[in-house]
Amino acid sequence: IKRRIMKQYIFDQFVKNIINHTGYTKEEIFSTTKKSEISLARKVLYKLCIDRGFSIKAIEEYMERNGYKCHTNTIHQALVSLDKIMANDPDYQTIIKNLSNVEA
């Protein structure tokens, strides 16, 4: 559990990076909206976390702490969907690389 608390900072940085990049609010990102742009922001957040070594369970916990309840299969489907988007648009790899930067 302590390890998850330590990674809260990294999760929060990813959220901040996405907010700065997209202009969405934290409330929008963690809302239950199905709007494709906001859904995409959440998919990117999952990808950043997975690439950083977060477990699916940890991602679920961080999302829930922010008022967004999601399940393992939702995250898996989101990552598969994002992989397809990235395969068709290589710019997403650059964007994700830039969004993965975390300041100490």
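A crossing of two helices is right-handed if the near helix is turned clockwise from the far one by less than a right angle, and left-handed if anticlockwise. By that rule, α3 and α6 cross in a right-handed way. This is a predicted model, so local features need pLDDT of at least 70 and side-chain atom pairs count only at pLDDT 80 or more, while totals for chains, interfaces and linings use all residues. Numbering starts from 1 along each chain as its sequence is written, and side-chain values use heavy atoms, with hydrogens and water left out.

**Where α3 meets α6**

Helices here are DSSP runs (H or I, at least four residues), numbered from the N terminus. The axes of α3 (residues 36–51) and α6 come within 10 Å and cross at roughly 65 degrees; they are lines fitted to C-alpha atoms over the stretch in contact, with angles running from 0 to 180 degrees between N-to-C directions. On the α3 side, Leu40, Val44, Lys47, Leu48 and Asp51 make the contact (heavy atoms within 4.5 Å), and α6 brings Tyr92, Ile96 and Leu99. By class, that gives 6 nonpolar, no polar and 2 charged residues. Ala, Val, Leu, Ile, Met, Phe, Trp, Tyr, Cys and Pro count as nonpolar, Asp, Glu, Lys and Arg as charged, and the others, Gly among them, as polar.

**The two faces of α6**

In α6 (residues 91–99), Tyr92, Ile96 and Leu99 are buried. Buried means under 20% relative accessible area, exposed over 50%, and partly exposed in between (1.4 Å probe, protein chains only). These three sit on the same side of α6 because they cover an arc of only 65 degrees around the axis, taken from the directions from the helix axis to the C-beta atoms. Turn to the face away from that buried side and you find exposed Asp91 and Lys97.

**Salt bridges**

The structure holds 4 salt bridges, each a side-chain nitrogen of Lys or Arg within 4 Å of a carboxyl oxygen of Asp or Glu. Here are some of them:

| Pair | N to O distance |
|---|---|
| Glu60 and Lys57 | 3.5 Å |
| Glu61 and Arg65 | 3.9 Å |
| Glu64 and Lys69 | 3.5 Å |

Glu60 and Lys57 both lie in helix α4 (residues 56–65), 3 residues apart, about one turn. Glu60 counts as buried at 11% relative accessibility, whereas Lys57 is partly exposed at 48%. Glu61 and Arg65 are 4 residues apart in α4, so about one helical turn separates them. Glu61 is partly exposed at 26%, and Arg65 likewise at 46%. As for the remaining pair in the table, Glu64 is partly exposed at 44% and Lys69 is exposed at 55%.
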